[in-house]
Each structure stands twice: as structure tokens, then as C-alpha cells.
Amino acid sequence: MNIDVNKVASLARIRLTDAESAELGPQLSNILSYIDKLQQVDTAGVDATAHPHDAAMPLRPDVVTNANRREALLSNAPNIDSGLFVVPKVIE
Amino acid sequence: MSWEVIIGLEIHVQINTKTKAFCGCSTTFGAEPNTQTCPVCLGMPGQLPVLNSEAVQKSILTGLAICGQINLASKFDRKNYFYPDLPKGYQITQFAVPLVEHGHIDIRVGDTEKRIGITRIHMEEDAGKSMHEGLDGVSHIDLNRSGVPLMEIVSEPDMRSADEAIAYLKQLHQLVRFLDVSGANMEKGQFRCDANVSVHQPGTPFGTRAELKNLNSFRFIRQAIDYEVNRQIELIEDGGEVVQETRLYDSAKGESRAMRSKEEAHDYRYFPEPDLPPLQVSEQEVASIRAAMPERPSQLRQRFENEYGLSAYDADVLSQTRELADYFEALVACHETDSKRCANWMANELLGRLKEQGCEIDHSPVTPRALAGLLDRIADDTISGKIAKDVLDAMVEGGESADAIIETKGLKQVTDSGTIDAIIDKIIAANPNQVAQYRGGKDKLFGFFVGQVMKASRGKANPAMVNQRLKNLLAGM
């Protein structure tokens with residue numbers, strides 16, 4: 001199976017050089033052909049595995065446990081203004 | 001050519017939990033930016049989501065109220081896209097197996113009832129807010145809303161007009177408020193609607209649909225749908241073709257424009273959320289949620305008609321919100337003798353006055369007991385209905401009791417026949433021409449005399465007695 005490596009890169013917001021595309025394309029296609037192999041197994045009548053564990057989802061009571069830690073949480077951001085994250089303009 | 005309109009709606013309902021879907025951050029509206037965030041809802045690496053049990057219960061309750069099937073095992077998936085208000089780079093949602101499927105609600109447009117199918121209700125998390133206005137080359141991001149729990153309620157493409165779409169939306173809006181699963185405040189973004197709209201010739205396959213995004217008032221939804229229907233019909237009749245796209249309605253300009261032009265933006269690459277095992281709910285849990293289900297609007301309307309003999313219209317008006325219904329029932333409890341009078345006075349008189357003052361029923365200056373006090377005075381003929389309206393004005397204005405206002409303003413109805421006769425005698429003496437005409441057969445003038453007598457008594461004469469005495473005295477008896 002061939003993969004459009006440039007499309008995948010663009011969806012993941014990763015910029016690739018031509019050389020990288022040329023190298024990664026066949027690698028990804030190889031991985032997918034391995035998946036193709038798995039898909040040859042007859043799984044009719046087998047439930048899809050939703051999760052590798054058997055455990056059911058643990059739930060949490062609806063109680064506020066997190067205090068305001070804005071200063072600490074924003075301290076890693078490259079750009080902030082009045083408690084807001086500042087990012088390059090995103091509107092179309 | 002006649003076109004048929006096909007509408008399906010996706011509604012995002014914010015679940016009114018105290019905390020977010022997957023972390024213990026508060027959901028209080030209007031807090032300082034980013035003060036209700038934590039490593040989980042900021043998408044920091046290595047954090048694990050833990051689902052809010054209350055959000056699950058409220059989603060199940062909603063599912064039961066729309067007669068849906070509750071999937072005892074449902075799953076969460078990742079919906080991948082890049083936008084700065086979604087810090088993880090994916091939204092946790094339920095794609096493959098939602099919590100609720102195959103529901104419906106019944107709507108009424110005019111005299112026609114119609115069942116609208118609900119394909120599914122799935123749980124997901126909200127994104128943050130980005131702000132662009134007044135900023136140069138940058139956007140500001142507030143992630144307080146990031147991770148707030150939502151239900152997405154997806155309808156079948158069962159609606160055939162903007163009227164039906166609005167009826168469906170209003171019904172659902174009312175339902176989630178009655179169930180107390182959402183504040184559903186549209187201005188606060190707690191109830192948001194996307195509409196899928198297409199047109200086709202009846203008997204042919206559905207046309208290509210356009211998706212109208214983020215419509216946040218009933219009025220705009222109607223306008224946006226009408227605009228889109230006309231746009232598509234004109235396009236097709238001019239030989240063009242509708243493209244599948246997302247469009248944003250601009251309410252100021254009254255038109256929509258295409259957004260997310262890049263096709264690949266729709267490539268969400270869903271895959272199972274590895275951080276969350278399947279959500280399991282037991283039959284018993286579902287049964288106990290069902291057993292505790294509050295009265296639904298449709299049941300309430302029916303009960304108001306059956307129990308209190310209200311017209312369909314009054315029952316509808318008084319069951320619009322839980323608060324209105326509670327007020328009405330408290331009123332009837334204080335004025336048991338005449339529930340129709342209660343309905344009339346509440347729906348036609350009190351609500352109008354409150355609306356003028358921009359006041360909601362739960363902040364009414366006139367309590368149910370106080371309004372009942374006024375109705376008691378109508379019932380025992382202390383005042384007429386007409387005077388009662390003036391008294392109600394004063395009650396809304398000053399918050400005094402009906403009795404106090406009747407007393408201080410001297411509004412007590414005159415029922416003494418001697419006093420009424422005296423007034424009538426004066427009116428007859430003052431209007432000899434009209435009396436002659438009336439006696440000559442011009443019956444219509446009776447209304448004139450009633451008006452004169454009521455005016456002379458400053459509205460206080462008992463109208464029934466005035467009628468009766470006038471008839472006799474004008475006849476010369």
C-alpha cells in the first residue's frame with residue numbers, strides 16, 4: 001500500500017524536506033503492508049478489541065479538586081498576555 | 001420546480017456538571033482566563049483523563065428521556081485536528097460506539113405532530129476559546145472551557161422546513177432544562193446548533209448538503225436555514241452544483257460564506273482513545289436513573305390539560321420552563337377554586353407585566369400567594385376583573401398585597417343596589433336623548449350606559465349588577 005507522505009505530514013503539521021519525504025514514504029508504506037498482513041486474518045465473529053486491558057473505565061465524582069495554578073501552568077508558554085496564551089493569528 | 005428541504009441538526013449541549021469531563025477543574029462561567037485549567041485540560045504530556053460520573057449519568061438521563069437505547073458498553077475515540085483552542089491536538093469524543101442511539105422526540109408545527117429521529121447522543125469535551133478582535137497578528141487563548149463536558153445530539157435528516165427545525169430545537173432545549181442536565185443558555189454557548197441543509201426533488205436521492213456552523217440563537221438558525229435553502233435552489237436552477245462544505249452564517253450581513261476550504265481539514269483520523277477503557281454502565285444503574293427521571297415537558301403539558309382543565313395553549317405557555325410550571329402549581333394551591341382563572345391571570349396578565357420589566361418568573365415581585373390573594377378578591381366580588389388589573393399593576397410596582405391596595409385606594413366594588421341605582425338615575429337624567437333613542441329600539445346604546453355608569457363609579461360598580469339594574473331602570477321599571 002502506498003501512502004501520500006506529504007499529506008500525512010501536512011495533517012500532522014510536520015514540514016518535510018524532499019529527501020525526508022523520499023525516505024519516509026517507503027518506510028510508512030512498509031509499516032502499512034505489515035498491517036495489511038494482519039488484516040488477512042479472519043476475524044469474523046470476533047469482537048473488536050476496544051482496549052488491551054479488561055478493566056472497565058474508572059469514574060470520578062463531580063467534585064472540584066483543582067485550585068487555580070495559572071501562574072505555574074502558563075510559565076512554560078512562549079508568549080502570554082494578561083493570563084492568556086498568545087499564539088500566531090489563527091482566523092481565516 | 002418544487003424543491004423539498006432536508007434538514008438534520010447536530011446540537012452541542014453543555015452538561016451542567018461542577019467539573020470538567022476528564023479533570024477536577026471547575027466549569028464556572030466567566031472566571032478569569034485560564035484560572036480553571038490543569039495539566040490534563042491543557043494537554044500537557046503524560047496526563048491521564050478520568051471521566052466525570054455525573055456527566056455520564058446526565059447523558060444517560062437525556063438518552064432515556066428521548067426514548068433512546070443506552071449502550072451498556074460505549075467507547076471513546078480521538079478526533080484529531082490542529083487548532084490552538086484544542087491543546088492536545090485531538091478532542092476526546094465517542095465516534096464508533098456512542099452512549100445513546102436510536103431515540104426520537106415528537107414535535108408539533110401548527111396542528112401537525114411529527115416524530116423526529118435522534119440518531120445518537122455521544123459524550124465529548126469542549127474546546128477553549130480563541131479571541132482575535134483588536135489584536136494584531138496574534139490570537140489570545142483562554143482554556144477555561146477546554147474539557148467542559150458536552151453531549152452532542154445528532155438528529156436524523158427528518159426535518160423539512162425551518163419551522164420544523166426550530167420546533168425540534170425548542171423542544172430539545174426545553175427538555176434538557178427540565179431534566180436539569182444543562183443550563184442551555186444559548187448566549188453563554190451552552191446550547192449550540194449546527195445544521196445540515198440540502199434540497200432535492202421529491203422522489204430523488206437527497207442532494208449534497210452544506211453544514212451551517214455554530215448558530216447561537218433561534219432567530220439566526222431560522223435565518224441561516226432560509227438563506228441556505230434559497231442559495232442552494234438558486235445555485236441548482238442556474239445550472240450549478242452544491243458542494244459539500246462548512247459555511248459560517250454572518251447574522252449582521254444576513255448571509256453565509258464557506259469556511260474550512262481545505263478539504264483535508266475534515267480528515268480527523270479517528271482512532272480509539274488509548275487512555276480510556278470502554279465505558280461500562282449496568283442495567284441497574286440505567287434503571288435507577290430512569291426511576292428518578294423528573295417530569296418531562298410533554299407529560300407536564302398533558303397533566304396541566306387533564307388535571308386543571310387548561311387549554312392546550314395555556315398548558316403550553318405555563319409549561320415552557322420548570323419555574324413557570326412551579327409558579328402556576330403554587331398559585332393553584334393557594335386559589336384552588338378556579339384553576340382556569342389562575343392560568344388566565346398568570347399567562348395573560350402577570351407574565352406580560354413581568355416581561356415589560358424584564359423580570360423572570362422566579363424573581364416575580366408578586367408571589368403565587370399574593371396573586372392568589374388578588375384572585376380571591378375577584379372571586380368574592382370585592383373587585384371587578386377590570387379593577388383587578390389596576391391592582392395587579394400596583395402589586396408589580398410596589399410589592400404590596402392586593403388587600404392593602406384595595407383598602408388604601410378605596411377600590412372595593414360597589415354592590416349596594418341603592419348606591420348603584422343612584423348613579424344610574426343621574427346618568428339617565430343627564431342623557432335624555434340617548435334614553436329616548438334606546439327606548440325607541442336602539443339597543444346598541446346599552447353599552448354606552450354601562451360605560452357611563454362604570455365611569456361615574458370609577459370602575460368600582462359591580463358590572464353584573466350594573467347590567468341588571470340598568471336594564472330595569474332604562475325599561476322604566
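**A helix and its surroundings**

Guide: Of the 13 residues of H1(B), 11 are buried, so this helix is largely enclosed by the rest of the structure. The model is a predicted one: local features need pLDDT of at least 70 and side-chain atom pairs count only at pLDDT 80 or more, while totals for chains, interfaces and linings use all residues. Residues are numbered from 1 along each chain as its sequence is written, chains are lettered from A and ligands numbered from 1 in the order in which they are written, and side-chain values use heavy atoms, with hydrogens and water left out.

Visitor: What makes a residue "buried", and which residues of H1(B) are buried?
Guide: Buried means under 20% relative accessible area, exposed means over 50%, and partly exposed is in between, with a 1.4 Å probe and protein chains only. In H1(B) the buried residues include B:Val56, B:Ile60, B:Leu61 and B:Leu64.

Visitor: Why is H1 of chain B called a helix?
Guide: Helices are DSSP runs of H or I with at least four residues, strands are runs of E with at least two, and both are numbered from the N terminus. H1(B) has 13 residues, so it meets the cut-off of at least four. From first C-alpha to last, H1(B) reaches 18 Å, close to the 18 Å expected. That expected span is 1.5 Å times one less than the number of residues.

Visitor: Which residue caps the N-terminal end of H1(B)?
Guide: B:Asn52 does, with a side-chain oxygen 3.0 Å from the backbone nitrogen of B:Glu54. A polar contact is a pair of N or O atoms within 3.5 Å; within protein, one must be able to donate a hydrogen and the other to accept it, and residues adjacent in sequence count only if both atoms are side-chain atoms.

Visitor: What follows H1(B)?
Guide: B:Cys67 follows, with a positive phi near 60 degrees, although this residue is not a glycine. B:Cys67 sits in the loop between helix H1 (53–65) and strand S3 (69–70) of chain B.

Visitor: How many bridges join S7(B) to S8 of chain B?
Guide: Nine, and the two strands run antiparallel. B:His104 has B:Gly117 in S8(B) as its bridge partner. The two strands form a hairpin with two residues between them, and B:Gly110 in the turn has a positive phi of about 65 degrees.

Visitor: Is B:His102 buried or exposed?
Guide: Exposed, because its relative accessibility is 53% and the cut-off is over 50%. B:His102 is found in strand S7 (residues 100–109) of chain B, and its phi is positive, near 60 degrees.

Visitor: What is the order of the open sheet of four strands?
Guide: S2(A)-S3(A)-S10(B)-S9(B), with antiparallel pairing. S2 of chain A and S9 of chain B stand at the edges with a single partner strand each, so one side of each is left without a neighbour in the sheet. S3 of chain A and S10 of chain B pair over four bridges, and A:Val87 has B:Ser139 as its bridge partner.

**A buried side chain and a cavity**

Visitor: Why is B:Asn34 called buried?
Guide: Its relative accessibility is 0%, so it falls under the cut-off. Polar atoms of its side chain lie 3.2 Å from the backbone oxygen of B:Ile141 and 2.8 Å from the backbone nitrogen of B:Leu143.

Visitor: What makes a space a "cavity"?
Guide: On a 1 Å grid over the protein atoms alone, a cavity is a set of points where a 1.4 Å probe fits but cannot get out; lining residues have an atom within 4 Å of a point. The structure holds two cavities of 30 Å³ or more. The second largest cavity has about 40 Å³ of space, and among the residues that line it are B:Phe22, B:Ala55 and B:Glu124.

Conventions
Two strands pair if DSSP finds at least two bridges between them. On a 1 Å grid over the protein atoms alone, a cavity is a set of points where a 1.4 Å probe fits but cannot get out, and a pocket is an open set with protein on both sides within 12 Å along at least five of seven lines; lining residues have an atom within 4 Å of a point. Grid points are joined across faces, edges and corners, and a volume is the space filled by probe spheres set on the points.
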